[in-house]
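Hi,

Here is the structure I said I would pass on. Have a look at it first, then read my notes below.

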Amino acid sequence: MTKLSVNINKIATLRNSRGGDVPNVVQFAKDVQRFGAEGVTIHPRPDERHIRYQDAHDLKPVVYTEYNIEGNPIPKFIDLVLATKPTQVTLVPDSIDAITSNAGWDTIKNKDFLVEVIKEFKNNGIRTSIFVDPVLKQIEGAKETGTDRIELYTEAFAHQYSLGNKDAVIPYVDCAKLADSLDLGVNAGHDLSLDNIEFFKQSIPNLLEVSIGHALITESLYLGVENVINMYKNKLK
Ligand SMILES: CC(=O)[C@@H](O)[C@H](O)COP(=O)(O)O
Ligand SMILES: NCC(=O)COP(=O)(O)O
């Protein structure tokens, strides 16, 4: 079975747009778990434009499923992860001004750095995952870092799949097979959605976990809007 971890960044974006505390990210994390999510993912960015570092602390006592914190391991992020001790830390090589994650690690070039930070997290009992493009030599490089898992960056697959190109999954299948043979766990994320998730999952049997945010929150709005409009209309009769 593949675990679904819900990325709640977008809930924090909505909250921050008005100030205040609506919607409440802690309540949302409680609710997604009550509805069946098997994990909660956050990706605090240095500018705290959505999830704030304080949110990571506030979520710790309520996330009883898998708590996954993603981000670029700058010193401030490393301190946050060591203080909150999530189930898993996913290392992502974001540039400081990136709108969203847009590339995986060069695991060969950054080997020494990754070995060092991964060792520190693992010594603190935190499972590690590193965000990678679906490139075989990057998976081999990931193995050399000592990480427990990789997260396959699925943006390219999602885009190509939306254009009808199902073969776009092939590099992901090859990388997942290689990871399996190297005893690396396989996660995936970015732009996964109700449209593409079933095909992706069926193509990759050893997929342990997906983290989904942008599409899942958007779909929740669309699938809920009819119901909410009717609730307002009833109150306005
Ligand atoms: C690593 C990854 O693909 C996601 O964590 C994604 O980057 C979410 O971050 P934003 O919500 O800031 O786009
Ligand atoms: N690691 C991927 C993630 O957490 C969510 O990415 P997206 O679904 O918001 O594109």
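Which strand and which helix each supply at least two residues of the shell around ligand 2? They are strand 8 (207-212) and helix 10 (214-235). Helices here are DSSP runs of H or I with at least four residues, strands are runs of E with at least two, and both are numbered from the N terminus.

Before the rest, some housekeeping. This is a predicted model, where local features need pLDDT of at least 70 and side-chain atom pairs count only at pLDDT 80 or more, while totals for chains, interfaces and linings use all residues. Residues are numbered from 1 along each chain as its sequence is written, and chains are lettered from A and ligands numbered from 1 in the order in which they are written.

Back to the ligands. Ligand 2 has 14 residues around it, and the closest are N7, G189, S211, G213 and H214. To be in such a shell, a residue needs its C-beta atom, placed from the backbone, within 6 Å of the ligand. The shell of ligand 2 divides into three nonpolar, eight polar and three charged residues. (Nonpolar covers Ala, Val, Leu, Ile, Met, Phe, Trp, Tyr, Cys and Pro; charged covers Asp, Glu, Lys and Arg; the others, Gly among them, are polar.) Around ligand 1 you'll find N7, N9, H43, R45, E70, V92, T100, S101, F131, G189, H190 and G213. By class, that shell of ligand 1 has two nonpolar, eight polar and two charged residues.

Next, E151, which sits in strand 6 (residues 149-153). Is E151 buried or exposed? It counts as buried, because it has 29 C-beta neighbours inside 10 Å. The cut-offs are 20 or more other C-beta atoms within 10 Å for buried, 12 or fewer for exposed, and in between for partly exposed, with C-beta atoms placed from the backbone. Leaving out residues up to four places away in sequence, E151 touches T90, S129, I130, F131, N187, A188 and G189. Touching means that the two C-beta atoms, placed from the backbone, lie within 7 Å. E151 and V186 are 35 residues apart in sequence, but 6.1 Å apart in space, C-alpha to C-alpha.

L207 belongs to strand 8 and is buried too, with 21 other C-beta atoms within 10 Å. From L207 to T218 is 11 residues in sequence and 24 Å in space, C-alpha to C-alpha.

Now some backbone details. Most residues other than glycine have a negative phi, and most peptide bonds are trans. The bond from V22 to P23 is cis, with omega near -5°, and P23 is in the loop between helix 1 (9-16) and helix 2 (25-34). K85 has a positive phi, near 45°, in the loop between helix 4 (75-84) and strand 4 (88-91). With 14 other C-beta atoms within 10 Å, K85 is partly exposed. D191 also has a positive phi, about 65°, although it is not a glycine. D191 lies in the loop between strand 7 (185-189) and helix 9 (197-203) and counts as buried, with 20 C-beta neighbours inside 10 Å.

Finally, a helix contact: K111, L114, V115 and I118 in helix 5 meet G141, E144 and T145 in helix 6. By class, this contact has three nonpolar, two polar and two charged residues.

Cheers
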